[in-house]
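Here is a short report for a first look at this protein. Keep the sequence and the 3D view side by side as you read.

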Amino acid sequence: MKLVLYDYYRSSASYRVRIALGLKGVDYERVPVNLLDGEQRSIDFRARNPQGFVPMLEADGHRITQSLAIIHWLDAAFPDPPLVPADALERAHVVALALTIAADIHPLNNLRVLKRLKTLGLDEEVRDDWYRHWVAEGFDALETLAGPGAGRFLFGEEVTLADICLVPQMYNARRFELPLDAYPNLVRADAEACALEAFAAAHPERVAPAAASG
Ligand SMILES: N[C@@H](CCC(=O)N[C@@H](CS)C(=O)NCC(=O)O)C(=O)O
C-alpha cells in the first residue's frame with residue numbers, strides 16, 4: 001500500500017501520526033507542507049484538505065484528514081501492535097486521555113489561533129502566556145485522570161494512543177518553557193515513550209528540513 005503523509009516537522013498533530021506510522025512499522029513518503037510560508041492555505045493543498053491543516057494521509061490515493069482519524073484507520077489497517085486496549089472501558093479511558101490533549105488543549109494553541117491573537121494586538125509575551133495557560137490547565141487534569149491507570153506509560157505497560165498524543169504536547173510545553181514538576185505521570189510516560197525508536201524517529205528535530213535544524 002502506498003502511503004503519503006503531508007506534514008510539517010513541528011506540527012504536533014503531524015508528529016502524532018509519524019509516531020503511529022513508526023509503531024506500525026509501515027513505510028511511507030513524506031510531503032512537507034511549510035506552515036510558516038502558508039502552504040497549507042494554497043489552492044493545491046486545500047483541494048487535498050479543505051480545512052487547510054496537516055497532517056493529511058493519502059492511502060492508495062484515499063485521503064484521510066484529522067490525526068486521530070488517521071491513527072484510527074492505521075490501527076484498523078495494521079492491527080499489530082494495537083494502539084488502544086481491547087477492553088472497552090480501558091479503551092474509553094485511553095481515548096479520553098488522548099482527547100484531553102487533542103480536542104481540548106491543542107486547538108486553543110494552534111498556529112492559526114496564535115496568529116489571530118497577534119492580529120488582535122497581543123504581543124508575544126502575552127501569547128506565550130496564553131499558550132502555557134491552556135497547556136497547564138489541561139495537564140493538571142491529565143495528570144489526575146491518568147493517575148489510577150498510569151504505569152510505565154500514560155496508561156499501563158504498553159504504548160497507547162494517549163502516549164502518542166502526550167509526547168508532541170510535552171515537546172511543545174518545553175518549547176514554551178512550561179514548568180513540568182507538577183506532572184510526574186506525564187514526565188515519566190513521556191521519557192519512557194521517547195526512549196522507543198518509533199518516537200525518536202518521529203521527533204521534529206529528526207525530520208526537520210536542513211535549513212530549519214540546529
Ligand atoms: N484536529 C486536527 C488539527 C490539525 C492541526 O491543528 N494542524 C495544525 C498543525 S499542528 C495546522 O495545520 N495548522 C495550520 C494553521 O493553523 O494554519 C488534527 O488532529 O489533525
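Which residue in E3 stands opposite leucine 5? Leucine 57 does.

## Basis of the model

This is a predicted model, in which local features need pLDDT of at least 70, side-chain atom pairs count only at pLDDT 80 or more, and totals for chains, interfaces and linings use all residues. Residues are numbered from 1 along each chain as its sequence is written, and side-chain values use heavy atoms, with hydrogens and water left out.

Helices (H or I, at least four residues) and strands (E, at least two) are DSSP runs, numbered from the N terminus.

## The strands

Strand E1 covers residues 3–7. Two strands pair if DSSP finds at least two bridges between them. E1 runs antiparallel to strand E3 (residues 56–59), with four bridges joining them. With strand E2 (residues 29–32), E1 pairs in the parallel sense, again over four bridges. Tyrosine 6 has valine 31 of E2 as its bridge partner.

E3 also pairs with strand E4 (residues 62–65), antiparallel and over four bridges. The hairpin of E3 and E4 has two residues between the strands. Aspartate 60 in that hairpin takes a positive phi near 50°.

Side chains in a regular strand alternate between the two faces of the sheet. In E1, Leu3, Leu5 and Asp7 lie on one side, and Val4 and Tyr6 on the other. Both faces are covered. Five of the five residues of E1 are buried, so the strand is largely enclosed by the rest of the structure. Buried means under 20% relative accessible area, exposed over 50%, and partly exposed in between (1.4 Å probe, protein chains only).

## Helix H6

Helix H6 spans 124–146. Its 23 residues reach 32 Å from first C-alpha to last, close to the 33 Å expected at 1.5 Å a residue. The expected span is 1.5 Å times one less than the number of residues.

Buried residues of H6 include Arg127, Tyr131, Phe139 and Glu143. The buried residues of H6 pack against H4, H5, H7 and helix H8 (184–194).

## Proline 107

Proline 107 sits in the loop between H4 and H5. It is partly exposed, with a relative accessible area of 35%. Leaving aside neighbours within four places in sequence, proline 107 is in contact (heavy atoms within 4.5 Å) with Ile101, Ala102 and Val113. Valine 95 is 12 residues away in sequence and 17 Å away in space, C-alpha to C-alpha.

A pocket is an open set of points on a 1 Å grid over the protein atoms alone, where a 1.4 Å probe fits, with protein on both sides within 12 Å along at least five of seven lines; lining residues have an atom within 4 Å of a point. Volume is the space filled by probe spheres set on the points, which are joined across faces, edges and corners.

The largest pocket holds about 1,200 Å³ of space. Of its 41 lining residues, the closest to the centre are Asn109, Asn110, Leu111, Arg112 and Leu114. Helices H1 (12–24) and H5 (111–119) are among the elements giving two or more residues to this lining.

The second largest pocket holds about 180 Å³. H3 gives the most to its lining, with five residues. Helix H4 (88–105) supplies at least two. Residues lining this second pocket include His72, Asp75, Arg91 and Val95.
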